[in-house]
Amino acid sequence: MTRVLTEDGEPIAQRGKRTVREALLYCLIEMIVSGAFAENSTLPNEAELTERFGVSRTSLREAMQYLSALGMVRSRTRAGTTILPKENWNYLDPIVLEVMLSVGADEAFYSSLIDARQLLEPAAAAQAAANANARQLYQISKAFEDMVEANSRDTEAWSRADLEFHTAIINASGNWVYRQFASAIQAALLASFRLTNRASQSHEQAISSHQVVLEAIRMRRPEAAHHAMAHLIGAARIEMTEALRQARVVFQPPKRERDTE
């Protein structure tokens, strides 16, 4: 029976409960994101890839069609299949996002996320102040209380409560586009909160900043809510920069050991 292999010689379909086709796609995306298949390079031909991974041509072609739809590769007759630059990739695809976070996203990834939040969340907070119903206000308040209860001693619980706080505000805005965006990047948001909360210089100051946002929404003050959220995201940007500097979370392609045959 043909085995489906990764670079490490292990069956890729055993990663979680993925099917062979899903595992092949995940493996290819992982190799592109990690730099094993570098940007602007040409992939091995179809015969080489099917032999390398032990899959059928049909499975490989379906995977390549998906990669093409993600903006990760371009196939041309005679020229072969080329890896496209990162700016073409669909980072909101669940598999791409999962791989980016698993291999260690670069500074540009988190910076772009903060830029998007800076545009979206102050407006969402203002709309929440104008539109939130009693149940939505309770959800925002509950998430804030969970942050306070978690304290800085439990960074993971604090980060998850932080995510719930921001998500509850976006949901309370009543804007379906904001909601869909937040849902699509939830994993990236949680990863960013983990980084910034670890780098936070003052738990009390962070709680105070979130409370200002909460009170502005409670008091039905859209402009104040917008300003408070903009200030909160601005502080997150500073903490993100410091966290990346401390942890050196600047993406590096993994070193590959030389074959010693």
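The crossing of helix H1 with helix H3 is right-handed. The model in which this crossing is found is a predicted one. H1 covers residues 20-34 and H3 covers residues 57-69; their axes lie 10 Å apart, at an angle of about 50°. Angles under 35 degrees would count as roughly parallel and those from 65 to 115 as roughly perpendicular, and H1 and H3 are therefore oblique to each other.

On the H1 side, the contact is formed by Arg 21, Leu 24, Leu 25, Leu 28, Ile 29 and Ile 32. H3 contributes Thr 58, Ser 59, Leu 60, Glu 62, Ala 63, Met 64, Tyr 66 and Leu 67. Sorted by type, the residues of this contact comprise 10 nonpolar, two polar and two charged ones.

The largest nonpolar core has 42 residues, and the members that touch the most others in it are Leu 28, Ile 29, Leu 67 and Met 72. Two or more residues each come from H1, H2, H3, helix H4 (94-103), helix H5 (107-131), helix H9 (186-199) and helix H11 (222-247). H1 supplies the largest share of this core, with nine residues.

Another core, of 29 residues, lies apart from the largest one; Phe 144, Ala 168, Leu 232 and Ile 233 are among its members.

The backbone has two points to inspect in loops. Most residues other than glycine have a negative phi. Asn 40, which is not a glycine, has a positive phi of about 70°. Asn 40 sits in the loop between H1 and helix H2 (46-53). Its relative accessibility is 55%, so Asn 40 counts as exposed, the cut-off for that class being over 50%.

Arg 78 is a further residue other than glycine with a positive phi, near 75°. Arg 78 is placed in the loop between strand S1 (73-76) and strand S2 (80-83). Because its relative accessibility is 87%, Arg 78 also counts as exposed.

Terms used
Residues are numbered from 1 along each chain as its sequence is written. This is a predicted model: local features need pLDDT of at least 70, side-chain atom pairs count only at pLDDT 80 or more; totals for chains, interfaces and linings use all residues. Side-chain values use heavy atoms; hydrogens and water are left out. Axes are lines fitted to C-alpha atoms, for helices over the stretch in contact, and angles run from 0 to 180 degrees between N-to-C directions. Helices (H or I, at least four residues) and strands (E, at least two) are DSSP runs, numbered from the N terminus. Angles under 35 degrees count as roughly parallel, over 145 as roughly antiparallel, 65 to 115 as roughly perpendicular and the rest as oblique. A crossing is left-handed if the near helix is turned anticlockwise from the far one by less than a right angle, and right-handed if clockwise. Contact means heavy atoms within 4.5 Å. Ala, Val, Leu, Ile, Met, Phe, Trp, Tyr, Cys and Pro count as nonpolar, Asp, Glu, Lys and Arg as charged, and the others, Gly among them, as polar. Buried means under 20% relative accessible area, exposed over 50%, partly exposed in between (1.4 Å probe, protein chains only). A nonpolar core is a set of buried Ala, Val, Leu, Ile, Met, Phe, Trp, Tyr and Cys residues joined through side-chain atoms within 4.5 Å.
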